[in-house]
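Have the structure open as you read.

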Amino acid sequence: MRVFVTGASGWIGSATVDELLAAGHEVTGLARSDASAAAIQAKGAHVRRGDLDDLASIRAGAEAADAVIHLANKHDFSNMAASAAAERAAVQTIGDALAGTNRPFLLASGVAGLAQGRPSTEDDASPFHGPDSPRGGSENLAFEFIDRGVHTVSLRFAPTVHGTGDHGFIAVIAAVAREKGVSGYPGDGTNRWAAVHRSDAARLVALGLAKAPAGARLHAVAEEGIPTRDIAEAIGRAFGLPVTSIAPDDVPGHFGWIATFFAMDLTATSTRTRELLGWTPTGPTLIEDLDAGAYSAPTPMAG
Ligand SMILES: NC(=O)c1ccc[n+]([C@@H]2O[C@H](COP(=O)([O-])OP(=O)(O)OC[C@H]3O[C@@H](n4cnc5c(N)ncnc54)[C@H](OP(=O)(O)O)[C@@H]3O)[C@@H](O)[C@H]2O)c1
């Protein structure tokens, strides 16, 4: 298949491109800079130049493809509304371009806010509708296109897609620990995060393209929930830092923008995804990655 991948130069996207090429697909990656274009080309994929705000380029990329995998995101945590608006506009554009074709449209999503007091499952529909909701309500918007002849599949990634070179949430939490000289966890540290290794997440995307039915909500989740206290202790070990509880009132001041996420219980299961796709995660666990030094040179996300 000719697969158009937005975010092809990103953390999950670059590993996904490798999986797609290995499976024999012809890949075109959206690139907004020379560096990203070069990285995509070096893998043996084609490049379409464009930005998330360049909807004409995104539309043309989708129209020329047999399938679209949308992984780009502005990730501006100082302006989440702008990131959400760009996400929604991109999803609307890709959906319009694919309408009536029955072509696969896989889009990135997450597991936050799907369930309260228990791990979320694939049966949990997203409660986020409309432009003012997290991620611009993009998962539900994309699913609306199923009735218009689009084979939509949601890729719900665990809050940490971890591994060496990760610049996501765990890298930011590790950077906070190094900056403060202490590895903190929120409150009693019993709130938990689901996790998946990048290699397993990328393999899941390729399997989802090959096998997932329209409307599937795929959970890229290898570990259902790791207590934030365990995460903080592993970061403490990795950097030789003391580990301590941060009182709930002090969590925002201590952790900055990542506080909102680190204080949340973000657990999820992937039983149905494993059954549906025959997917079995094999990569290291988050704690194994931390203990092996995967975060020794963190590059925090902007925000
Ligand atoms: N990583 C996780 O733990 C995680 C967890 C849950 C959900 N997700 C979601 O999964 C998707 C992929 O995440 P990721 O970790 O791979 O993100 P990432 O490493 O930050 O990569 C983001 C990608 O989007 C591109 N991008 C950013 N701004 C853009 C713009 N204005 N126009 C065009 N492209 C732009 C980047 O291009 P450049 O290379 O040029 O910067 C990069 O290819 C995102 O939607 C993310 O929210 C990730």
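Let's start with strand β1 (residues 2–6) and strand β4 (residues 67–70), which pair in the parallel sense over four bridges. Within that pairing, V3 has A67 in β4 as its bridge partner. Before going on: this is a predicted model, where local features need pLDDT of at least 70 and side-chain atom pairs count only at pLDDT 80 or more, while totals for chains, interfaces and linings use all residues. Residues are numbered from 1 along each chain as its sequence is written, and side-chain values use heavy atoms, with hydrogens and water left out.

A word on names: helices (H or I, at least four residues) and strands (E, at least two) are DSSP runs, numbered from the N terminus. Two strands pair if DSSP finds at least two bridges between them.

**The seven-stranded sheet**

β1 and β4 sit in an open sheet of seven strands, ordered β3-β2-β1-β4-β5-β6-β10, with parallel pairing. The edges are β3 (46–49) and β10 (217–220); each has a single partner strand, so one side of each is left without a neighbour in the sheet. On average, neighbouring strands here are turned by 20 degrees against each other, direction ignored.

H70 stands opposite L107 in β5. How covered is strand β5 (residues 104–110)? Mostly: six of its seven residues are buried (under 20% relative accessible area; exposed is over 50%, partly exposed is in between, with a 1.4 Å probe and protein chains only).

Contact means heavy atoms within 4.5 Å, and angles run from 0 to 180 degrees between N-to-C directions, with axes fitted to C-alpha atoms, for helices over the stretch in contact.

| α2 (residues 34–42) | β2 (26–31) and β3 | about 160 degrees to β3 |

**The three-stranded sheet**

There's also an open sheet of three strands in the order β7-β9-β11, this one with mixed pairing. β7 (160–162) and β11 (223–227) are its edge strands, each pairing on one side only. Here the twist averages 45 degrees from one strand to the next. β7 runs parallel to strand β9 (residues 192–197), joined to it by three bridges, and H162 has H197 in β9 as its bridge partner. Helix α8 lies across β9 and β11, running at about 70 degrees to β11.

**α6 against α8**

α8 (residues 228–239) also packs with α6 (residues 169–180), at an angle of about 60 degrees and with the axes 10 Å apart. That makes α6 oblique to α8 (under 35 degrees is roughly parallel, over 145 roughly antiparallel, 65 to 115 roughly perpendicular, and the rest oblique). Which residues of α6 and α8 meet? I170, I173, A174, A177 and R178 in α6 meet I231, I235 and F239 in α8.

**Two positive phi values**

Finally, a look at the loops. N102, in the loop between α4 (80–98) and β5, has phi near 60 degrees, a positive value in a residue other than glycine. N102 counts as exposed, at 57% relative accessibility. R135, in the loop between β5 and α5 (138–144), has phi near 55 degrees, again positive in a residue other than glycine. R135 is partly exposed, with a relative accessible area of 30%.
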